[in-house]
Amino acid sequence: MDRDTNSESLRARQREIRDEEANLLLTPEPDGRSTRVELVVCARSVSRCWIVSQRIRIGAAVVRMDGIGGVGTDESERHKGYASRVLDAAMRRMLAGDAALTMLYGIPDFYRRFGYVPAGPEHFVRLSSADCALPSGWTSRPLRTADLPTVHSIYEAETSRAVGPAVRTAACYALRQLRAAAESPSASDGDVCRVVLDPDGDLGGYVWRGNGFWATEILERETPDSLIISEALAISAPAADAVLAVCRQWAHEVAARTGRPVTSALISAPHDGRMAAAARRTDAELVRRYVRCGGSMARILDL
């Protein structure tokens, strides 16, 4: 009993020492919209996350949202409660701010202790890599820098009444990635975006691989037999047919080039949108996935 008591006292003292030597730092990032939250122990950053402030659409409304990303603890410092302390500090900062809600893409059974719950089911359109010919007169090519204003206008038009998409600004991560994709259109293993052109040569839609997004990386690990498409949008039903054909072509090309057993393209798309409507006219699957705890999660900060 004495040994047990002494051991517990020693552990408590060790926790006190760690607490005395630990500092929680909140540092604004140069982008003007993110804050790094980190726990520093003995002058070394051991655990961290980022608060990323942005605006999202919920139907006709535009709402301020604080996203949480980059949550991680150094491997040698795990299982000490550091991540919880970082998230606690982030939550206090967000509750003191002016965001209406906070969202993240989370692992199961961790974030609910901070008040997060699943935001709803995830929706996907799965296309086989067969039947990949474009409609008559339509063509496809890599994104060019001159295409960016049109691509952005398509995004704005197609998400204007949706639930969840971000309102994109010139400095946001998504548009920076698209600009990079336009500047390196031949990067076969990079973050590639392709556009579709109607018979008159006008841009009618686009297909974006979307490398670097957390949800995309998760889906790649979960469905290695699929080419993951982060964003596929079109301005009309004919353009949507062409976009789906490009997705199928792309999956077929990846399988041929890499030897991977890529048998389908998986598009993150709502089931009430134009892309899902076009998919219903082909051989496709509309997938609605629910999780008890994890995936896309949200918590209200201020009603």
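**Aromatic cluster**

I began with the rings: Phe 110, Tyr 111, Phe 114 and Tyr 116 form one aromatic cluster. I am working on a predicted model, where local features need pLDDT of at least 70, side-chain atom pairs count only at pLDDT 80 or more, and totals for chains, interfaces and linings use all residues. Residues are numbered from 1 along each chain as its sequence is written, and side-chain values use heavy atoms, with hydrogens and water left out.

I searched the whole structure for aromatic pairs and got 3. The centres of the Phe 110 and Tyr 111 rings are 4.9 Å apart and their planes stand at 80 degrees, so I log this pair as edge-to-face. My criterion for a pair is that rings of Phe, Tyr and Trp (its six-membered ring) have centres within 6.5 Å; planes under 30 degrees apart are stacked, over 60 edge-to-face, and the rest tilted. Phe 110 also pairs with Phe 114, again edge-to-face, at 5.5 Å centre to centre and 65 degrees between the planes.

I then checked burial (buried is under 20% relative accessible area, exposed over 50%, partly exposed in between, with a 1.4 Å probe and protein chains only). Phe 110 and Tyr 111 are both buried. Phe 110 has a relative accessible area of 14%. Phe 114 is buried too, at 6%.

**Charges over rings**

Next I looked for a charge over a ring (NZ of Lys or CZ of Arg within 6 Å of the ring centre and within 35 degrees of the ring normal). The charged end of Arg 168 sits over the Tyr 155 ring, 3.7 Å from its centre. Arg 194 lies over the face of Trp 250, at 4.4 Å from the ring centre.

**Helix H3**

Tyr 155 took me to helix H3, residues 148–158, where Leu 148, Val 151, Ile 154 and Tyr 155 are buried. Helices (H or I, at least four residues) and strands (E, at least two) are DSSP runs, numbered from the N terminus. Do the buried residues of H3 line one face or several? Seen down the axis, they fall within an arc of 125 degrees, so they line one face of the helix. The arc is taken over directions from the helix axis to the C-beta atoms. I listed what covers these buried residues; it includes strand S9 (163–166), helix H4 (173–183), strand S10 (193–197), S11 and strand S13 (231–234).

**Confidence**

The mean for the protein chain is 89, and 91% of its residues reach 70 or more. Confidence is lowest in helix H1 (residues 2–21), at a mean of 51. Strand S11 (residues 203–208) is highest, at 97. Over residues 12–20 the pLDDT is below 50, and this stretch has 5 contacts in the model beyond near neighbours in sequence. Contact here means heavy atoms within 4.5 Å.

**Whole chain**

I counted 7 helices and 16 strands in the protein chain. Its C-alpha atoms fill a box of roughly 80 × 40 × 35 Å along the principal axes. Of its 303 residues, 41% are buried. Among contacts with a separation of 6 or more, 67% are between residues 24 or more positions apart. The accessible surface is about 15700 Å², and 52% of that belongs to carbon and sulfur atoms. I note the Shrake-Rupley method with a 1.4 Å probe for these areas; for residues, only the protein chains shown count as cover.

Cys 49 is in strand S3. Its relative accessibility is 0%, so it counts as buried. Which residues does Cys 49 touch, leaving aside neighbours within four places in sequence? They are Thr 35, Arg 36, Val 37, Ile 68, Gly 69, Gly 70, Val 71, Val 86 and Ala 90. Ile 68 is 19 residues from Cys 49 along the chain, and their C-alpha atoms are separated by 6.9 Å.

Ala 279 lies in helix H7, residues 274–279. Ala 279 is buried, with a relative accessible area of 1%. Beyond four places in sequence, Ala 279 is in contact with Val 125, Leu 127, Leu 244, Ala 284 and Leu 286.

**Positive phi**

Most residues other than glycine have a negative phi. I looked up two with positive values. Phi of Ala 43 is near 65 degrees. Ala 43 lies in the loop between strand S2 (34–41) and strand S3 (44–58), and is exposed at 80% relative accessible area. Phi of His 79 is near 65 degrees. His 79 is in the loop between strand S4 (61–73) and helix H2 (82–95), and is exposed at 84%.

Notes
pLDDT is the predictor's confidence in each residue, from 0 to 100.
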